Amino acid sequence: MGQFFGDLVVKLVCDEEGGIWQLQKELSFESDTGYLITAPIGSITNFLSTPRIPFVFEVLGDRCVKSGTLHDYAYTSKCLPRDEADSLLKEMLLAEGMSNFEALSCYLAVRLYGESHYGTR
């Protein structure tokens, strides 16, 4: 299983829609395949933004914030093709302790609904 490096240190920069946060310390993850992704200081995140559909948010919301931060960085920087960024998200979620079912649910959600957010912000 992949491994995170660094603590998540953020500062709130906008208190709307669940909050927008700025990374204050580098955060990295090395995947099982040896790929290393590093979000630099100053990266912007809203963590793992799950749809605010009651059941989905109750089960998956506000968890696995390191995974969400690095996935946000991958999407905004386009350092990975979208499909690889989404696959990496699933691996990171599992490394942060999500069950296979939960990680697969998040993966499918970003595959279905994430395209409009790739390369934006």
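Where does Val9 lie relative to β1 (3-5) and β2 (10-14)? In this predicted model, Val9 sits in the loop between the two strands. Val9 counts as partly exposed because its relative accessibility is 36%. Neighbours within four places in sequence aside, Val9 is in contact with Gln22, Leu23, Gln24 and Lys25. Val9 and Ile41 are separated by 32 residues in sequence, and their C-alpha atoms are 9.3 Å apart.

The largest nonpolar core holds 23 residues. Phe29, Ile37, Leu48, Leu70, Leu93 and Met98 touch the most other members. Two or more residues each come from β4 (27-30), β5 (36-39), α2 (65-77), α3 (82-95) and α4 (100-113). The largest share, five residues, belongs to α3. Beyond four places in sequence, the contacts of Phe29 include Gly2, Gln3 and Phe4. Phe29 is also in contact with Tyr35, Leu36, Ile37 and Leu70. Leu88, Glu91, Met92 and Ala95 complete the list for Phe29.

Helix α2 has 13 residues, which should span 18 Å at 1.5 Å a residue. The end C-alpha atoms of α2 are 18 Å apart, in agreement with this value. The buried residues of α2 are Ser67, Gly68, Thr69, Leu70, His71, Asp72, Tyr73, Ala74 and Tyr75.

The protein chain has a mean pLDDT of 87, and 87% of its residues reach 70 or more. Over residues 52-57 the pLDDT falls below 50. This stretch has seven contacts in the model beyond near neighbours in sequence.

Conventions
Residues are numbered from 1 along each chain as its sequence is written. This is a predicted model: local features need pLDDT of at least 70, side-chain atom pairs count only at pLDDT 80 or more; totals for chains, interfaces and linings use all residues. Side-chain values use heavy atoms; hydrogens and water are left out. A nonpolar core is a set of buried Ala, Val, Leu, Ile, Met, Phe, Trp, Tyr and Cys residues joined through side-chain atoms within 4.5 Å. Buried means under 20% relative accessible area, exposed over 50%, partly exposed in between (1.4 Å probe, protein chains only). Helices (H or I, at least four residues) and strands (E, at least two) are DSSP runs, numbered from the N terminus. Contact means heavy atoms within 4.5 Å. pLDDT is the predictor's confidence in each residue, from 0 to 100. The expected span of a helix is 1.5 Å times one less than its number of residues.
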